[in-house]
Amino acid sequence: MRAVTWQGRRDVRVETVPDPRIEEPTDVIVRVTSTGICGSDLHLYEPLGPFLDPGDILGHEPMGIVEEVGSAVTALRPGDRVVVPFNVSCGDCFMCDQGLQSQCETTQVTEYGTGAALFGYTKLYGQVPGGQAEYLRVPFGNTLPVKVEHGPPDDRYVYLSDVLPTAWQAVEYASVPRDGTLVVLGLGPIGDMAARIALHRGAGRVLGVDLVPDRLNRAAAHGVIPLDWRRYGKDLPEAVAEYTGGRGADAVIDAVGMEAHGSPVAKGAQRAVGLLPDAVAQPLMEHAGVDRLAALHMAMRLVRRGGTVSVSGVYGGALDPMPLLTMFDRQIQLRMGQANVLRWVPEILPLLDDEDVLGVDHFATHAMGLEEAPKAYAMFQEKADGMVKTLLKP
């Protein structure tokens, strides 16, 4: 089959690799019909390279048609249409029973002390072959894939793999009071969708911050008040104060993560580590890594006393300095973590109908063939041609 493989820093290629096969009785093989490129895939494109090997198959946002099922699979049969959550979770352990599929005890990567394995996402999370490919082996076939109806386009459902539950959890964790004010930092796919979900769930006002005009305009078209980082910069708290009577936002979602602008020293350190041999770079990333924290520190300044900061952007540094004195004094609540996909699917799935209240049918800005993946990654990295969300079509 053809698959998107990692070959080095800023080097992804589409190559012919062995077809996946049934390895356990509960496995299913899915023929991928759509698969997204995620903002966190760009972390693999650059800073997390030391935890990848050439040839690793990328991607964790797939959906498609079941082609083959293992002997113990009873919930699915060939021909069923499914979305594959990005968490590889068993559905039966203590953590899964708590709705914490991202912490699944069956697939935790104990070698690195990390949570549940993820499709297509580095040794830190199991080095499981990903879904930017023509076919995908999916374990736990009775409990992991989400069965959806035939008929509507893939765009209706594919975001159940990551974008929708990640954004939903970000809003849930933010605890925005009804008619309250939410600030969303970063209007990429997750931030954009989180803003839509917050408005749908009753937030009174959502302020969206970004520095890309296309993203600001896109969010504004869905009811978000756009704030251009290039205009406000470090004066952003004053702008937010004007909308909130000087108090600050009830909640802030950091949908940016480790690649925030405004931290040149950390940016340089990330790139330098990425150029080191893996044997040297891996322990540095695990034990001495520092992220670019401009967005997270800004979130602490924007939120009101007693408010909540919800982090959905991925961070990877082990020694990130946090403003604990400020957080303690202002009684800021902080929630974060990989999305627990299956926990939120029952709440989201009923919204994916012809009314399309979240705008999923036209959420993708680009649809490209699988063979165009290298071009798509480069465009996404440069935020070129108004690219916010790309679906690859194998």
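So, let's start with a single side chain, Arg-201, which is partly exposed, with a relative accessible area of 30%. Keep in mind that what you're looking at is a predicted model. What does Arg-201 pair with? It forms a salt bridge with Glu-172, and the closest N and O atoms are 2.6 Å apart. Arg-201 sits in the loop between α4 and β9 (205–210), while Glu-172 belongs to helix α3, so this pair ties together parts that lie 29 residues apart in sequence. Glu-172 is partly exposed too, at a relative accessible area of 29%.

That brings us to α3 and α4 themselves. Helix α3 covers residues 163–174 and helix α4 covers residues 189–200; their axes come within 8 Å and cross at roughly 60°. The two helices are therefore oblique to each other, and the crossing is right-handed. Who makes the contact? On the α3 side you have Val-163, Leu-164, Thr-166, Ala-167, Trp-168 and Val-171, and on the α4 side Pro-189, Ile-190, Met-193, Ala-194, Ile-197 and Ala-198. Sort the residues of that contact and you get eleven nonpolar, one polar and no charged.

Helix α7 (residues 236–243) and helix α10 (residues 294–302) pack at about 35°, with axes 9 Å apart. α7 passes α10 in a right-handed crossing. Here Leu-236, Pro-237 and Val-240 from α7 meet Met-298, Arg-301 and Leu-302 from α10. That contact splits into five nonpolar residues, no polar and one charged.

Back to the salt bridges. How many does a search of the whole structure find? The count is 19. As a reminder, side chains of opposite charge can pair when their charged atoms come close.

Take Arg-10 and Glu-382: their side chains meet in a salt bridge at 3.4 Å, N to O. Arg-10 is in the loop between β1 (2–8) and β2 (11–16), and Glu-382 is in helix α13 (residues 373–382), so the pair ties together parts that are 372 residues apart in sequence. Are these two side chains buried or exposed? Arg-10 is partly exposed, with a relative accessible area of 35%, and Glu-382 counts as exposed at 52% relative accessibility.

Another one to click on is Glu-67 with Arg-31, a salt bridge at 3.2 Å, N to O. This pair runs between strands: Glu-67 is in strand β4 (residues 62–69) and Arg-31 in strand β3 (residues 28–37), so to speak distant parts of the chain, 36 residues apart. Glu-67 counts as partly exposed at 38% relative accessibility, and Arg-31 is partly exposed as well, with a relative accessible area of 31%.

There's also a network of salt bridges, linking Glu-23, Asp-27 and Arg-137.

The protein chain has 13 helices and 15 strands. Of its 394 residues, 56% count as buried. And what about contacts along the chain? Among those with a separation of 6 or more, 73% are between residues 24 or more positions apart.

Notes. Residues numbered from 1 in each chain as written. Predicted model: local features only at pLDDT ≥ 70, side-chain atom pairs only at ≥ 80, totals over all residues. Heavy atoms only, no water. Axes fitted to C-alpha atoms, helices over the stretch in contact; angles between N-to-C directions. Helix = DSSP H or I, 4+ residues; strand = E, 2+ residues; numbered from the N terminus. Parallel < 35°, antiparallel > 145°, perpendicular 65-115°, else oblique. Left-handed = near helix turned anticlockwise from the far one by under 90°. Contact = heavy atoms within 4.5 Å. Nonpolar A, V, L, I, M, F, W, Y, C, P; charged D, E, K, R; others polar. Salt bridge = Lys/Arg side-chain N within 4 Å of Asp/Glu carboxyl O. Buried < 20%, exposed > 50% of the residue type's maximum accessible area, 1.4 Å probe, protein only.
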